[in-house]
Structure formats: structure tokens, C-alpha cells
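Trainee: Please walk me through how to read a few features of a protein model. I would like the general idea each time, then the case at hand.

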Amino acid sequence: MSCLTARTGRQRQRYDGHLRLVSGCIPYKFEKIAGGCNGNIEQKLLVLMISSPNRDDLVFPKGGWEDDETMREAACREALEEAGVKGVLRDNPLGVWEFRSKSKQNSCSLQGGCKGFMFAMEVTEELDSWPEQANYGRKWLTIEEAFRFCRYDWMREALGKLLTTLSESRENNTRNELEELPLRPISEIGSEHPMSSSPVCFANHSSIHSLQLKNLTRKMNCTGLINDHRSCKNPLF
């Protein structure tokens, strides 16, 4: 049992007008798998979701943003309390979404409205026990699985934002790696490495990974899982 305790009550809760301010995150990690060209080790993107009693669908850790913490601190706290994970939170949120709390889904009143800020968190530590373990189970899922099990459409949109953010980040890293490579005359390279009839893999891990994320994002766009108004003429499914 965890020696940590979860915050309770709403005495310190922040509001924006009638909207309760909420902060949360999408925890993710890259799992190494064997495969690819020449048996290289590749990485598969996984996201962590949590379950609640008597429900088959899943959500991401989130909760009330309180007046004695920053938005990022609130997101980290909720990840620890609800999912038992710690990690590196990106500086900027994936986006802001307005939605209704679970208990007020079918209400027409102003009460129960929320304004949620969601971040991307790369997980570095998974705890064996956590404060709200009795209320929430946790499960690592592929992106496709996560899209299917998301309880709310706005969470699917946040997941799409995560894919786009990671894809852009990988592209930037690959570009920086290429810029740092020393430039040498082609004649020198050819003399050291004569042409061979054996198959050769030229892509590095970063470029392969960037392409995988880009293709996955395009899949979600083409199937309507990510809100994207661009047309798709050649869906990958």
C-alpha cells in the first residue's frame, strides 16, 4: 500500500468563471522491439490509461488544478496519484478542452463544466503502489488501442495532438543529427565503401521512428480519429 496520500476536497480548486480548471497528462513511453532492417531494435509508442470501477472504457490521469500549485505541478501530481507514474512533462500543454464532469454529463445547468489542460509526459518511473490504486487500474496500450478505449472524444483529440507533437519532435531531432554529420567528398566515401550486392539499411533509428510516427498520425487522420480537415486520397488502412 502506498504511503503517499491523494488530495481530496475542492477548497483550493481554481475556477475560470463557472468552469472548474483541470490539469492532466498523457503518459507515454517507447518500448524496444526486435525487427526492422537487419534485425535492428525499433521502438513502439505506448500510452498509459487508467480504468475506473464498473467501466470498460479508459481515461487519462487528470484532476482539479489547485491554487497552491502550477498547472504543470497539478498534471504531475494527478499522474502520480491516479496512475502511479513519474516522468518528464513537456513545457507546453497539448491543448485546452472544455467538457462536463462525469457526474454532470447529462445536465443542462452551468454546474459541472470543466476546462482541461493536457500535457505529454514521458514516463521515467512506474511505482508498484500509488495513492488511488484502489480506485484506478492502469494499462499500457498502443495508439490504436487507446483511440478505441478513450471514454471521451476530446481525449481522442488530445491523443491526436500527442502524435503530432512527437512526430514533429522526432523530425527536428533527425534534422539536427543530419546537420551534425561531417561532410566528406563522395569520392572518398566510395573508395572506403565499395558497392555491394547485399541489401543495405541506410536509415538510422531516429529517421525510422519519425517515419513510423508520421505514418501513424496519417492513419488516424484518414480514419477520422483525429480532427483534421485535410483530405486523404490514399488511406493506409
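Mentor: Gladly! Helices and strands here are DSSP runs, numbered from the N terminus. Keep in mind that this model is predicted.

Trainee: Let's begin with a helix. Which residues make up α1, and how far does α1 reach?

Mentor: Helix α1 covers residues 71-83, which is 13 residues. From its first C-alpha to its last it reaches 18 Å, close to the 18 Å expected at 1.5 Å a residue. Just past α1, look at G84, where phi is positive, about 65 degrees.

Trainee: Is α1 mostly covered or mostly open?

Mentor: Mostly covered: 10 of the 13 residues in α1 are buried. Among them are M71, A74 and L80, and also R77, E78, E81 and E82.

Trainee: Now the rings. What describes a pair of aromatic rings?

Mentor: The distance of the centres and the angle of the planes describe such a pair. In this model the count comes to four aromatic pairs. One of the pairs joins W65 and F117, edge-to-face, at 6.0 Å centre to centre and 85 degrees between the planes.

Trainee: Why does the pair of W65 and F117 tie together separate parts of the chain?

Mentor: W65 lies in the loop between β4 (62-64) and α1, while F117 is in strand β7 (residues 113-126), so the pair ties together parts that are 52 residues apart in sequence. W65 counts as buried because its relative accessibility is 12%, and F117 counts as buried at 12% too. Another pair, W97 and W154, is tilted, with 6.1 Å centre to centre and 35 degrees between the planes. This pair also links distant parts of the chain: W97 sits in strand β6 (residues 95-100) and W154 in helix α3 (residues 153-180), 57 residues apart. Both W97 and W154 are buried, and together with F99 they form one aromatic cluster.

Trainee: What lies over the face of W140?

Mentor: K29 does, at 4.3 Å from the ring centre.

Trainee: Last, empty space. How is it found?

Mentor: Rolling a probe the size of a water molecule over the atoms shows where empty space is left. Here the largest pocket has a volume of about 710 Å³. It is lined by 31 residues, and R20, K62, G63, E82 and Y136 are the closest to its centre. The elements giving two or more residues to this lining are β2 (19-34), β4, α1 and β6.

Trainee: Which element gives the largest share of that lining?

Mentor: Our helix α1, with four residues. By type, the lining of the largest pocket divides into nine nonpolar, nine polar and 13 charged residues.

How values were computed
Residues are numbered from 1 along each chain as its sequence is written. This is a predicted model: local features need pLDDT of at least 70, side-chain atom pairs count only at pLDDT 80 or more; totals for chains, interfaces and linings use all residues. Side-chain values use heavy atoms; hydrogens and water are left out. The expected span of a helix is 1.5 Å times one less than its number of residues. Buried means under 20% relative accessible area, exposed over 50%, partly exposed in between (1.4 Å probe, protein chains only). Rings of Phe, Tyr and Trp (its six-membered ring) pair if their centres lie within 6.5 Å; planes under 30 degrees apart count as stacked, over 60 as edge-to-face and the rest as tilted. A charge sits over a ring if NZ of Lys or CZ of Arg is within 6 Å of the ring centre and within 35 degrees of the ring normal. On a 1 Å grid over the protein atoms alone, a cavity is a set of points where a 1.4 Å probe fits but cannot get out, and a pocket is an open set with protein on both sides within 12 Å along at least five of seven lines; lining residues have an atom within 4 Å of a point. Grid points are joined across faces, edges and corners, and a volume is the space filled by probe spheres set on the points. Ala, Val, Leu, Ile, Met, Phe, Trp, Tyr, Cys and Pro count as nonpolar, Asp, Glu, Lys and Arg as charged, and the others, Gly among them, as polar.
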